Amino acid sequence: MGIDIQQLGKNFGKQPVLRGVDLTIADRELVALLGPSGSGKTTLLRILAGLEWPDRGDVVVNGQSWLNQPPQLRKVGLVFQHYALFEHMTIAENIAFGLRVRDRKTRPSDATIMAKVEELLSLMELAGLGQRYPAQLSGGQRQRVALARALAIEPQVLLLDEPFGALDARVRRDLRRWLRSIHDRLGMTTVFVTHDQEEALEIADRIVILNEGQIVQIGTPEEIYDHPATPFVQRFLGGVNEIPVGVFAGRVQVDGIEPRFLSSLATANNGATLFIRPQDIDVSPAAADGIATIQTVSFLGDQARVELAMDGDETIIEAELNRVQMRDDKLDRGQRVHVKARHGRLYQNDVACTAQP
Amino acid sequence: MTDPMAPLAATRANRTPAILIAVGAVLTALFIAAPLLVIFDQALSKGIDVYRANILHPETLHAIWLTTLTALVVLPINIAFGVTAAWAITKFEFRGKRLLLTAIDLPFSISPIVAGVSYLLLYGGLGLWGPWLMDRDIRIMFSVPAIFLVTMFVTSPFVARELITLMQAQGREREEVAATLGASGWQMFRRVTLPNIKWALLYGAVLCNARVMGEFGAVSVVSGNLRGQTNTLPLQVQLLYHDYNATGAFAAASVLTLLAFVTLILKAILERKAFDRRS
Ligand SMILES: Nc1ncnc2c1ncn2[C@@H]1O[C@H](COP(=O)(O)OP(=O)(O)OP(=O)(O)O)[C@@H](O)[C@H]1O
Ligand SMILES: [Mg+2]
């Protein structure tokens, strides 16, 4: 089921929380809403669930506005970060809830309900836990119960608000892959909120980046990662070097780093900011002719994070280097080095002015 | 997993808990047990026959009946009021919410006597609506309905206060999930909210009941103190005491105390039952 979000606006008191959000979500798509804290992700999700109403704009599903539909009729599955399980019911009763509350005419028989619960329990890898209470489960298990409870009503739309936020890194990784496979198997439209960019990049079909109630960029994970539309997106996707540079006659001027990839610029002479990811920096040993000194080396597993102090203004540039390579090149603290950037993006007045090579 | 008894075991080495328990026991004996004992001691000071006669006196019997009736009328109304008010305040957004919250606390913050007097000024013969009521032959002041009304007013915050604190802490997410799963408002309340608040509700009801039965100030203003007609137990106790019938006063007081015990025992039984059902 596709969802058409049109010019959605919402204020809490005087504070604008959503400022004209336009987004079309295709049937069976898995969309991640990504953005910093307070950017309006939860508010948008709650409007989709029917728990909050916008001041302006519309949500259109199957050609009809959803805004006059109460949450009971929307058939959305909703999962909160802290699960919101019914603590006084067993796991089986939690999952059965959405079927039990139907009126007599549409309510399945007890046997059908129990069969459905069993089916969901095994789908969620929770078999045998049906008679326990939520307090007797681990965090990851509770999360799956919350998901099973939402799926029991066979929703066409699944809404997840930071579903894995409260779990440890390993469980998160497992659960998000598994969420992707459930999504594919059941053929729903899924919108999930996260502020973990890694999570979004890994499983989403499309990522929507929100900031201060506005959409900054919409795209596939590749598009977002390779072509961040603004410095905000670039920063949000993870640590990046920001180097102020001059532009003269269409060429970037920056000491030491050889930005050959930036050969043709169609911009006027002016200042700009060059963004280079730590992974895109090559470092090689130099004698006295180097342009930087290795200041610190920190361990990241196969990689190491290296801080380079540039000669002159002593700008610090971060690079991520392969540790084997570093050993071969005898790169260590205090070593003089050459620095080269393989890729980078140039922004002028917050607008990207070069494409990726 | 850590041993849940560990912190207790660790403190057992020092004497602080023993001292605290002793202080608690002494204070309980001095300020709670002793006055209760005095009531029964005085009530029975002239023998069991006098005690029985005192209690079976028609005026006292009527006071017992009126107090029980007041509880039976007021308690359900205040429970219903408390639950709906707490539910509305904690689970929904609406205009005038602040005002409602303040209004709920009002009876706690004004003296019961003042409450009684203001009812008198509204419904009394010389009061604001008095003449209108009199024209229609409706008598509220100095009669049983007046007792119901002021008691209701004075004891209305108990249940609501107890529930609001808890329900605010519990948040709305469970109800919101229930709504998306298709639960109607009533189902949401019955299946999700109520099971999570039932202990606080019971506790609030017990507190409310204790106050309903014991309320003196407001009731004394509006009841008119008609013996055998509008006297509740607390009023009867005072009346007998002023009549220099100390034994009678203490006999009536002992009934009030026993009613309180009955309430507490009922609460304990309910708790026990619910506990058994869970385990
Ligand atoms: N019920 C409310 N009343 C008033 N303000 C609210 C309410 N709910 C949210 N806000 C405000 O709206 C803004 C957006 O909130 P929202 O919960 O949508 O953010 P979010 O993107 O989900 O953030 P997070 O990542 O921290 O969960 C915040 O500034 C928040 O303070
Ligand atoms: Mg949020």
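In which strand of chain A is R19(A) found? R19(A) belongs to strand β2 of chain A, which covers residues 15-25. The coordinates come from a predicted model, and the predictor assigns the complex an ipTM of 0.84 and a pTM of 0.82.

Apart from neighbours within four places in sequence, R19(A) has contacts with L8(A), E212(A), G213(A) and Q214(A). Two of these residues also have polar atoms placed close to the arginine side chain: the backbone oxygen of E212(A) is 3.0 Å from one of its polar atoms, and the side chain of Q214(A) makes a polar contact of 3.5 Å with the side chain of R19(A). By contrast, the C-alpha atom of S284(A), 265 residues away along the chain, is separated from that of R19(A) by 48 Å.

E212(A) leads on to a hairpin. This hairpin is formed by β9(A) and β10(A) with two residues between the strands, and E212(A) adopts a positive phi near 45 degrees there. Strand β9 spans residues 206-211 of chain A, and strand β10 spans residues 214-219. The pair is antiparallel and is held over five bridges, with V208(A) opposite I218(A) of β10(A).

One of the pairings sets L34(A) against I209(A) in β9(A).

Chain B has a mean pLDDT of 89, and 94% of its residues reach 70 or more. Within the chain, confidence is lowest in helix α1 (residues 6-12), where the mean is 53, and highest in helix α10 (residues 173-180), at 95. Where pLDDT is low, predicted coordinates should not be read in detail.

How is chain B divided into domains? The assignment gives domain 1 as 1-43 and domain 2 as 47-278. Their C-alpha centres are 31 Å apart. Five residues from domain 1 of chain B and nine residues from domain 2 of chain B take part in the contact. About 640 Å² is buried between the two domains, and carbon and sulfur atoms supply 81% of that area. On the domain 1 side, I39(B), F40(B) and A43(B) lose the most area to domain 2, together accounting for 71% of what that side buries.

Key: Residues are numbered from 1 along each chain as its sequence is written. Chains are lettered from A and ligands numbered from 1 in the order in which they are written. This is a predicted model: local features need pLDDT of at least 70, side-chain atom pairs count only at pLDDT 80 or more; totals for chains, interfaces and linings use all residues. Side-chain values use heavy atoms; hydrogens and water are left out. Two strands pair if DSSP finds at least two bridges between them. Helices (H or I, at least four residues) and strands (E, at least two) are DSSP runs, numbered from the N terminus. pLDDT is the predictor's confidence in each residue, from 0 to 100. Contact means heavy atoms within 4.5 Å. A polar contact is a pair of N or O atoms within 3.5 Å; within protein, one must be able to donate a hydrogen and the other to accept it, and residues adjacent in sequence count only if both atoms are side-chain atoms. Domain bounds come from an automatic or database domain assignment. Buried area is the accessible area (1.4 Å probe) that two parts lose on being put together, summed over both.
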